[in-house]
Amino acid sequence: MSAAVTRGRGTRPGRLRRLAGRVGLYASVLVLISPAAFVFLWMLSLALKNEVDNMAFPPVFIPHGPTFANFVKVFAENDFLSYTINSVVVSFSATAAALVIGVPAGYGIAKAKAMRAAALILIARITPGLSFIIPLFLMFQWFGMLGTLTPLVITHLVITVPLVVWIMIGFFEGLPGELEEAALVDGATIWQAFRHVALPLARPGITVATILAFIFSWNNFLFGIVLAGRTTRTLPVAVYNVLTFEQISWGPLAAAALVVTAPVLLLTLLMQKEIVAGLTAGGVKGG
Amino acid sequence: MSATTAAAVGLARRRANYARRYWVFAVPAAVVVVAVIIFPWLFTVFMSLHEWDPSHGLSWVGLSNYATLLSDTRFGWAVLRTLYFSVLSVGAPLILGVAAAVCFNQRFPLRGVARTIFILPMMATPVAIALVWSMMFHPQLGVLNYILTSLGLPPSTWTYAANTVIPTLAMVETWQWTPLVMLIVLGGLASLPQDPYEAARIDGASGWQSFRHITLPLLWPFIIVAAVIRTIDALKSFDVIYVITQGGPGTASETMNIFLYQEAFAYYKLGYASAVTLVFFALIVVISLVMLKLRQREKWQ
């Protein structure tokens, strides 16, 4: 008994300090994540409340009997279904095209150690989006392509292609080259070495590139607002239009915002490990 | 001896040959990059020397767009506002991002969940979150003023007054992009050697001292990279500002990108807007290079 007391007394300051450190850490983490959590929970709350609750002051935090009326209203009055289809078509096409041309390019640049080509990709990252869109807008107009989804898919390549190439360069550089060299010695062509040796090994990298390219294409607003006509709006543009027409009606607005961003949030929650890996690599190398 | 040299030369030549052949892989991407990235750059230079209107098409005006730019006070104010906005939305995310990275570098239960929640703002669709923020900023019915007044603080005018609009937008930008700084710095923390910390602990350094004198200097390259990326993105920021204020009230939050958008797609002054784009791009490049030079000098010391 006395031995236990002495031992306890001996380590008490250290244990207290460690406890204080733990409490401090938990408190800091709570402070750091609560603004993020609050905004998304508030979006959910606005989307599920009726108009009376949304206009109440002091604000109502937990909906009294959640309602899906806002979502129904958004889809009924704004043709959101066709905008969703537009977004899906544009983002899937731009991502698929970027993978088909970007993955081999990343391999080629990594193998040829063509760092100047990589630098070009970086300059594309620096350039303001609007400086691509003015010339492309004029081109599309001259070719009479405005009013279709094609210009949107083409401009989204500005986002997806550099991203895929950049992530794949980093990924292929990290792969050991011995297996492909062995294949080449055995008489495989460089295409076969790429297709049957490097490509299967690169699957995790391709996953990361696919997720990030899709998310950034899905989120894009600038190209859509310049190029999209009435029938070719993507979801972010459509939501922005709900804002301009329904300034005061918060429920449908929040519901629309939630519809647009829900796929991305779900993807982030499900694939957080891949996304963090991709962003860390891309971000660190981005300098 | 000479045989092995010959073999080595042959091997080197074969390698070089391969290197050249690997270019084939990049051809499709190169075509796309030329079409959607390089061609627009060159075309922008061409356009900046012209005037364009829908009925008459293009007409050559030489450098007059640039001359107009120099005397355009609205452009001058937009540049200053952009710099003000950028200083705030680089500084705050850097400080908070480093702090967050230090927290997320420790082990604690539910760390994965907390980190996922923390990075949600940067992945979410900017238009969607901008909408939610704009509803929270409402001066009478907004939840933010409710929170402020319940804490006994005076309500803010947020995006509804000229003197608070830029800091408010920088706050949203900070909320959105601190996670990216955190991820970059977290990547840096993971690569730090452990020995200096043990030495410091043996010498009796406190937690803050070892952070200040070991962690921070070692992290410096990562912090600079984060700062450069953040600066580029802050200068280019568009979605959140456009959705929340469209440059208002008045022109109080009209940054360069908003100004550029208005000139190009509200007034369709595409020639003038092209000149603005090139000056804007030059500004971004110069600022990034200066910051990278700072990094170089940091290395020398």
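This is a predicted model: local features need pLDDT of at least 70, side-chain atom pairs count only at pLDDT 80 or more; totals for chains, interfaces and linings use all residues.
Student: Which residues of domain 1 of chain B lose the most area to domain 2 of chain B?

Tutor: The area buried between domain 1 and domain 2 of chain B is about 450 Å², with carbon and sulfur atoms giving 74% of it. On the side of domain 1 of chain B, three residues together account for 83% of what is buried there. Those three residues are T44(B), M47(B) and S48(B).

Student: Turning to chain A, what area is buried between domain 1 and domain 2 of chain A?

Tutor: In chain A the assignment gives domain 1 as 2–54 and domain 2 as 69–285, and the C-alpha centres of these two domains lie 36 Å apart. The contact itself joins 9 residues of domain 1 of chain A to 13 residues of domain 2 of chain A. Carbon and sulfur atoms give 69% of the buried area, which is about 780 Å².

Student: Which three residues supply more than any other three of the area that domain 1 of chain A buries against domain 2 of chain A?

Tutor: The buried area in question is the one of about 780 Å² between the two domains of chain A, considered here from the side of domain 1 of chain A. Of the area that this side buries, 56% comes from M43(A), A47(A) and E51(A).

Student: Which helix gives the largest share of the side of domain 1 of chain A that touches domain 2 of chain A?

Tutor: Across this interface of chain A there are 0 salt bridges and 2 residue pairs in polar contact, both residues being at pLDDT 80 or more. At least two residues of the domain 1 side come from each of α1 and α2 (51–54) of chain A. The largest share, 6 residues, belongs to α1(A).

Student: Between the chains, which element of chain A gives the most residues to the side that touches chain B?

Tutor: The contact between the chains takes in 91 residues of chain A and 91 residues of chain B, and the buried area is about 8100 Å², with 82% from carbon and sulfur atoms. The element giving the most to the chain A side, with 16 residues, is helix α1 (residues 2–48) of chain A.

Student: How many charged residues does the side of chain A that touches chain B have?

Tutor: Between chain A and chain B the count is 0 salt bridges, while 12 residue pairs are in polar contact with both residues at pLDDT 80 or more. By class, the chain A side has 74 nonpolar and 13 polar residues, and its charged residues number 4.

Technical notes. Residues are numbered from 1 along each chain as its sequence is written. Chains are lettered from A and ligands numbered from 1 in the order in which they are written. Side-chain values use heavy atoms; hydrogens and water are left out. Contact means heavy atoms within 4.5 Å. Buried area is the accessible area (1.4 Å probe) that two parts lose on being put together, summed over both. A salt bridge is a side-chain nitrogen of Lys or Arg within 4 Å of a carboxyl oxygen of Asp or Glu. A polar contact is a pair of N or O atoms within 3.5 Å; within protein, one must be able to donate a hydrogen and the other to accept it, and residues adjacent in sequence count only if both atoms are side-chain atoms. Helices (H or I, at least four residues) and strands (E, at least two) are DSSP runs, numbered from the N terminus. Ala, Val, Leu, Ile, Met, Phe, Trp, Tyr, Cys and Pro count as nonpolar, Asp, Glu, Lys and Arg as charged, and the others, Gly among them, as polar. Domain bounds come from an automatic or database domain assignment.
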